[in-house]
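Let's take a walk through this protein together. Keep the structure in view as you read.

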Amino acid sequence: YGEAVVRITIAGKEMEALMKLPGQDNVLRLGPIRAFNPYSWQALSMITLIGALLLGLGVYWVVSSFEMRLRKLEQATSRLAMGHLGARVASEGIDPVSRLGQAFNKMAEHIQRLIFIQREMVRAVSHELRTPVARIRFGVQIIEDSVENSFVQKQLKGIDNDIQELDELIDEILT
């Protein structure tokens with residue numbers, strides 16, 4: 001009737017098209033055409049290669065992200081070890097690296113607070129030690145000025161040397 005006829009095999013692996021040429025008794029036959037096999041070894045190997053490539057890129061991205069964040073944490077740790085007590089890391093998220101960063105920041109704050117308290121305590125102790133030492137030195141100087149005995153003068157000189165040693169010890173503690 002002038003229409004094309006398509007014939008497909010039962011297995012669906014081949015097909016052919018037939019069409020009667022207008023005004024002739026001949027038929028044009030196109031085929032047989034083999035169907036594309038989506039499970040050929042070439043197609044499977046290409047899909048596997050592309051999948052492995054995408055998986056590798058994803059793993060690389062995740063690992064490099066973790067490595068960069070761990071490197072920043074290492075740099076902050078080094079700065080803290082060198083005495084920069086204000087060293088902190090940015091830690092947003094709930095992944096293990098973020099939790100490690102949060103723990104580092106808490107530790108750094110605690111160390112900073114302890115060092116501040118220690119400095120304040122050393123200042124208070126040195127003040128409390130210097131006050132009686134200054135009173136003793138003042139008393140010894142008054143006695144030195146009023147006594148003419150050479151034995152007492154020698155003893156007072158020894159006490160003055162001891163007071164000087166105490167002063168130096170307090171300075172070393174502050175340093």
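## A hairpin and its neighbour

Start with the hairpin that β2 and β3 form: six residues sit between the two strands, and Gly23 in the turn has a positive phi of about 80°. This is a predicted model, where local features need pLDDT of at least 70, side-chain atom pairs count only at pLDDT 80 or more, and totals for chains, interfaces and linings use all residues. Residues are numbered from 1 along each chain as its sequence is written, and side-chain values use heavy atoms, with hydrogens and water left out.

β2 (residues 14–20) also pairs with β1 in the antiparallel sense, over five bridges. Strands here are DSSP runs of E, at least two residues, while helices are runs of H or I, at least four, numbered from the N terminus; two strands pair if DSSP finds at least two bridges between them. Val5 has Leu18 in β2 as its bridge partner.

## How confident is the model?

The average pLDDT (the predictor's confidence in each residue, from 0 to 100) is 84, and 95% of the residues score at least 70. Confidence is lowest in β1 (residues 4–8), with a mean of 72, and highest in α1 (residues 41–81), at 92.

## Contacts of Ala87

Now look at Ala87: leaving out residues up to four places away in sequence, Ala87 touches Ala76, Arg79, Leu80, Phe104 and Ala108. Contact here means heavy atoms within 4.5 Å.
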